[in-house]
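Dear colleague,

I am passing on the structure below, and would ask you to look through it before you read my notes on what was found.

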Amino acid sequence: MTLDHKPVELNLKLSKYLLRWIFVIHALASLAVLVLGHSLLIGFILQLAIAGNFFLTYRRWQKPLCEKIICDNGRFSLVILGVTVEDVELRQFYFFGQLCVISFKYRDRRGCRALSTIPLLPDSCDAASLRQLRQLLLQRKVCSPNISKY
């Protein structure tokens, strides 16, 4: 049996599920600080830190770094801020239910090494493309023992 390797292209979009998780986690952290009953100054500083972290995380969700993942014949490319990065190495990936987290290593425009971790939720891309990528990654895990599966 021969496998037909079609190019897989994932156009990433903003995930509403991820935004809900960001909000829920920060709300629970804020509630935990209130329930623990720290002094007024420490509680205020912790609430300020949680609010600042929420703001930074929300901005990062609003303007994602990676726009597209392309896999053609086992070679990955990323479109980062409108620029296609060809020399991309798949570092690791794992699946947890419908969540797929992929980590890539590449050289950015300045020539520095960069590591990009991309969470893929069901609403962050086309379902058929995500299914194809999952199958491709599972085949690659079986064929190549040097890629970490965790």
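This is a predicted model: local features need pLDDT of at least 70, side-chain atom pairs count only at pLDDT 80 or more; totals for chains, interfaces and linings use all residues.

Residues are numbered from 1 along each chain as its sequence is written, and side-chain values use heavy atoms, with hydrogens and water left out.

L81 sits in the loop between strand 3 and strand 4 (83-96), where strands (E, at least two residues) and helices (H or I, at least four) are DSSP runs numbered from the N terminus. Most residues other than glycine have a negative phi. L81, although it is not a glycine, has a positive phi of about 50°.

Six strands make up an open sheet in the order 1-2-3-4-5-6, with antiparallel pairing, two strands being paired if DSSP finds at least two bridges between them. Strand 1 (8-11) and strand 6 (113-120) stand at the edges with a single partner strand each, so one side of each is left without a neighbour in the sheet. Strand 2 (residues 66-72) is joined to strand 3 (residues 75-80) by six bridges in the antiparallel sense, and I69 has L78 in strand 3 as its bridge partner. Strand 4 and strand 5 (residues 99-107) run antiparallel and are joined by eight bridges, with V88 partnered by Y106 in strand 5. These two strands, strand 4 and strand 5, form a hairpin with two residues between them, and G97 in the turn has a positive phi of about 65°. Eight bridges also pair strand 5 with strand 6 in the antiparallel sense, and R107 has R113 in strand 6 as its bridge partner.

Finally, the aromatic rings deserve a look. The whole structure holds five aromatic pairs, counted when ring centres of Phe, Tyr and Trp (its six-membered ring) lie within 6.5 Å, with planes under 30 degrees apart called stacked, over 60 edge-to-face and the rest tilted. F54 and Y58 form a stacked pair, 6.3 Å centre to centre with 20° between the planes, and, being four residues apart in helix 2 (residues 40-62), they are separated by about one helical turn. F54 is partly exposed at 27% relative accessibility, and Y58 is partly exposed at 28%. Together with F23 and W61, F54 and Y58 form one aromatic cluster.

Definitions and conventions
Buried means under 20% relative accessible area, exposed over 50%, partly exposed in between (1.4 Å probe, protein chains only).
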